[in-house]
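Thanks for coming. Please have the structure open.

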Amino acid sequence: MDLDIRFVNKNSEEMNQVRELYEKTFNDTKEYKEFLFGSIVPDSDTEIIAGFIDNKLISMMFLRKKKLLSVGQRVKSCLIYGVVTAEDYRNRGYMKRLMECALSYCGSIDIPFLYLIPINPKIYESMGFVLAREEKIIPLEDIECQREEYIVKKVCMDKEQSGGCKRISDFAITVEAANKGITAEKNELYFLRRLEQASVENAGIYIIRNKDVSDGMEAIVVTGTAEDDSRIYVTDIICEGEWEDSFKYAKLVTDMEVDIMPFVRLKPIMIYNWINMDLYIKLNEDI
């Protein structure tokens, strides 16, 4: 059977097949699916490459164009996610053909850096991806922090709070410009999207400042939801200093929110086609 590979027109009826295949495969909450298909997928920076047989969708992936920060320099990149083949069509090489199409497309528009968060890294090794970071679970039980010195404030989705996303972004970009690793460019839209996602996951963004300072911020802690049991954990910490020194800020948040598990979770990351070895360095942020 011949596989017809093409980009999905997001205004076409093919999107019904895209959503159906996604919902059959991924065990996301109803709220997250609405967020994904209502906000992320329709965005102009998201593309869908799909394989059809007799106009039936059997395989697909989402491509999300992003910019990464590496030692203060912005690098065009693409996140590959939502990778799935319908169960009856697996193990026939269809996904490899879609990936070849994705790599060719990114090369044609001068995107030199691709990454994904794999469920099984071995699947992607044969496609040229390299595991840059294994999954890390970092317990926080033994981390010491002096809570009385800090104010922890959760950013909300109301107009007054979400309007402060630019100030949060300015702090994040300034801090991470000196970062030796690679991280997503945390612009204003990034935090607005994280706030929107947090609202459907009961997660959040937290600003931490020293009580002796009337304004500004010392750190930003972002939480997320564990897929298996819906509990909340820390996904991202933005602060000056070494990555290990930032755990105290995560501990401040976990102490304040009783439903947050006391650990930091960093997901595994695989990369493809880096432009120079400066990019192939230890990642220390959840991008």
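A disulfide here is a pair of cysteine sulfur atoms within 2.5 Å. By that cut-off the structure holds 0 disulfides. Before the details, the ground rules: this is a predicted model, where local features need pLDDT of at least 70, side-chain atom pairs count only at pLDDT 80 or more, and totals for chains, interfaces and linings use all residues. Residues are numbered from 1 along each chain as its sequence is written, and side-chain values use heavy atoms, with hydrogens and water left out.

Back to the cysteines. On accessibility, buried means under 20% relative accessible area, exposed over 50%, and partly exposed in between, using a 1.4 Å probe and protein chains only. Cys-101 is partly exposed at 26%, while Cys-239 counts as buried at 11%.

Next, helix H7, residues 188–201. Helices are DSSP runs of H or I with at least four residues, strands are runs of E with at least two, and numbering starts from the N terminus. H7 has 14 residues and spans 20 Å from first C-alpha to last, close to the expected 20 Å; the expected span is 1.5 Å times one less than the number of residues. Its buried residues are Tyr-190, Phe-191, Arg-193, Arg-194, Leu-195, Ala-198 and Glu-201. Just after the helix, Asn-202 has a positive phi of about 60°.

Stay on Arg-194. Leaving aside neighbours within four places in sequence, Arg-194 is in contact with Ile-205, Val-222, Thr-223 and Thr-235, contact being heavy atoms within 4.5 Å.

Now the strands. Two strands pair if DSSP finds at least two bridges between them. S10 pairs antiparallel with S8, residues 150–155, over 6 bridges, and Lys-154 stands opposite Tyr-206. S10 also pairs antiparallel with S11, residues 219–225, over 4 bridges, with Ile-207 partnered by Ile-220.

That is my list.
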